[in-house]
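Here are my notes for someone opening this one for the first time. Have the sequence and the model side by side as you read.

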Amino acid sequence: MKKITIFKGFHFSNFFPKIYRCDKNFEKTVNISFDKSCAYDINEKSCVNKLWGFSSGLLGVHKNSYRFGWTYDKDTEQIIIWTYLYINGRLYKKELTTCDFDTEYEFNIKIEQNNDSAKVVFKFNHLYTKVFDIPIKLNKYLLELGYYFGGKTRAPHKMNILYEEG
């Protein structure tokens, strides 16, 4: 597994994105493990860190994007996994499940395009599935989006996430 690092005081990680062509259907799986460095305590309660996913087109992060997100729950000492989507510029985020530290999990995103709409399917570890119907035709290019800490808050310390393409 590759080690992805978000350095103290930064939002972006050292993840290098790829561009994919998506004419009709697209699917990708990654395996991810959080280490204890991902525990944190910040004051921005609505903050969901971005884990991994895609944007429709090269400049669509805040317009049309489909990602997993994550937060740390200091009470349970677990990572909370979220679905995190922008659809026509509107943000939708919802808790999906939790993760333990130092355990590998499988994350999968499948995009199925129709003539005037699309379906985005999030799968976590073959156990949890969330389906979103998107009322627009997506761009034929997808930009893979990587690890990003915070909303307004930057990483309070160096964090490592292990990542492997499935």
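1. Strands S5 (65-73), S6 and S7 (90-99) each put at least two residues into the lining of the second largest pocket. S5 is the top contributor there, with 3 residues. Strands here are DSSP runs of E at least two residues long, and helices are H or I runs of at least four, both numbered from the N terminus. A word on the source: this is a predicted model, where local features need pLDDT of at least 70 and side-chain atom pairs count only at pLDDT 80 or more, while totals for chains, interfaces and linings use all residues. Residues are numbered from 1 along each chain as its sequence is written, and side-chain values use heavy atoms, with hydrogens and water left out.

2. That second largest pocket has a volume of about 300 Å³. Of the 17 residues lining it, Tyr40, Lys45, Thr71, Tyr72 and Asp73 are the closest to its centre. A pocket here is an open set of points on a 1 Å grid over the protein atoms alone, where a 1.4 Å probe fits, with protein on both sides within 12 Å along at least five of seven lines; lining residues have an atom within 4 Å of a point. Grid points are joined across faces, edges and corners, and the volume is the space filled by probe spheres set on them.

3. What is the lining of the second largest pocket made of? It divides into 7 nonpolar, 2 polar and 8 charged residues. The classes: Ala, Val, Leu, Ile, Met, Phe, Trp, Tyr, Cys and Pro are nonpolar, Asp, Glu, Lys and Arg are charged, and the others, Gly among them, are polar.

4. Now the largest pocket, at about 380 Å³. It has 18 lining residues, with Phe12, Val61, Arg67, Leu145 and Tyr148 nearest its centre. Strands S6 (78-87) and S11 (141-145) each supply at least two lining residues, and the largest share, 3 residues, comes from S11. The lining of the largest pocket splits into 10 nonpolar, 5 polar and 3 charged.

5. For 166 residues, a compact globule would have a radius of gyration near 15 Å, and the protein's 15 Å agrees (taken over C-alpha atoms; the rule is 2.2 Å times the number of residues to the power 0.38). Along the principal axes, the C-alpha atoms fill a box of roughly 45 × 30 × 25 Å. Buried residues make up 51% of the 166, where buried means under 20% relative accessible area, exposed over 50%, and partly exposed in between (1.4 Å probe, protein chains only).

6. S9 (residues 118-124) and S10 (residues 128-134) pair in the antiparallel sense over 7 bridges; pairing takes at least two DSSP bridges. Ala118 has Ile134 in S10 as its bridge partner. There are 3 residues between the two strands, and Asn125 in the turn has a positive phi of about 55°.

7. Finally, the cysteines. How many disulfides are there? The count is 0, using a cut-off of cysteine sulfur atoms within 2.5 Å. For Cys47, the nearest cysteine sulfur belongs to Cys38, 13 Å away. Cys47 is buried at 5% relative accessible area, and Cys22 is buried at 0%.
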